[in-house]
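Work through the two exercises below with the sequence and the model at hand. Try each task before reading its solution.

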Amino acid sequence: MTGDLFATDQNEPWAESIGEGTVWLHGFACASANALMTAIAGIARQAPFRQMTTPGGFLMSAAMTNCGRLGWVTDRTGYRYSEVDPETGHPWPAMPECLMALATSAAREAGYTGFVPDACLINRYLPGSRMSLHQDKNEEDYSAPIVSVSLGLPMIFQFGGLTRKDKPARLPLNHGDVVVWGGVDRLRYHGVSPLKPGHHELVGECRINLTFRKAGA
Ligand code: SIN
Ligand code: FE2
């Protein structure tokens, strides 16, 4: 095989623009994955993963918890951000420094300087878990991007347009990939196809997603 001077080394992180305000940072979180998983385990000890109920009365298929000043919750009364974990009545665990650092550096890499998230929703998907197409719009304002980090099993991320009718692109996200969307893309529909079973050496039989947001004013 002749060497290709311009071939990308698949072990090196690389950035792919997939929309005017959207960047797919392949492998960006690989180097910090160990520290992230340790931090997530600590969060889950204080605020355990739980399946929440939608306003329509359905159980979300992903199990969730949060860290940071605000946490995203849903129950029969609606979707919202809350300063306390409704299960314990306590504030959510503080956002660990390694999560904060990853979120700000990924945002900067995608062209969003000065991103300071106050909320991180942590989703855990087991085989068969999915998330239907939705927009992230419970935040106070949409000037900050969304930073989404994937850990563990690979999955298909559906990335649609600004209306529900727009056919979503299907992006195969791997362990360590980060997708950042903001600006004109901030309200694009997105979702997750049902997770396929498998085993990941660090994360196990699941996929963990972190979504960092600036939720409050
Ligand atoms: C979300 O939209 O909150 C999660 C998306 C994902 O799990 O990739
Ligand atoms: Fe979302």
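Predicted model: local features only at pLDDT ≥ 70, side-chain atom pairs only at ≥ 80, totals over all residues.

Residues are numbered from 1 along each chain as its sequence is written, chains are lettered from A and ligands numbered from 1 in the order in which they are written, and side-chain values use heavy atoms, leaving out hydrogens and water.

**Exercise 1.** Find the order of the strands in the open sheet, and its edge strands.

Solution. 
1. Strands are DSSP runs (E, at least two residues), and helices are runs of H or I with at least four residues, numbered from the N terminus.
2. Two strands pair if DSSP finds at least two bridges between them.
3. The 7 strands then come in the order E1-E2-E11-E8-E13-E6-E3, with antiparallel pairing.
4. E1 (14-19) and E3 (63-67) are the edge strands, each pairing on one side only.
5. Asn66 stands opposite Leu121 in E6.

**Exercise 2.** Describe the largest pocket by its volume and its lining.

Solution. 
1. A pocket is an open set of points on a 1 Å grid over the protein atoms alone, where a 1.4 Å probe fits, with protein on both sides within 12 Å along at least five of seven lines; lining residues have an atom within 4 Å of a point.
2. The volume, the space filled by probe spheres set on the points, is about 610 Å³.
3. The lining has 33 residues, and Met60, Trp72, Met131, Ser132 and His134 lie nearest the centre.
4. E6, E7 (131-134), E12 (190-192) and E13 each supply at least two lining residues.

Technical notes
Nonpolar A, V, L, I, M, F, W, Y, C, P; charged D, E, K, R; others polar.
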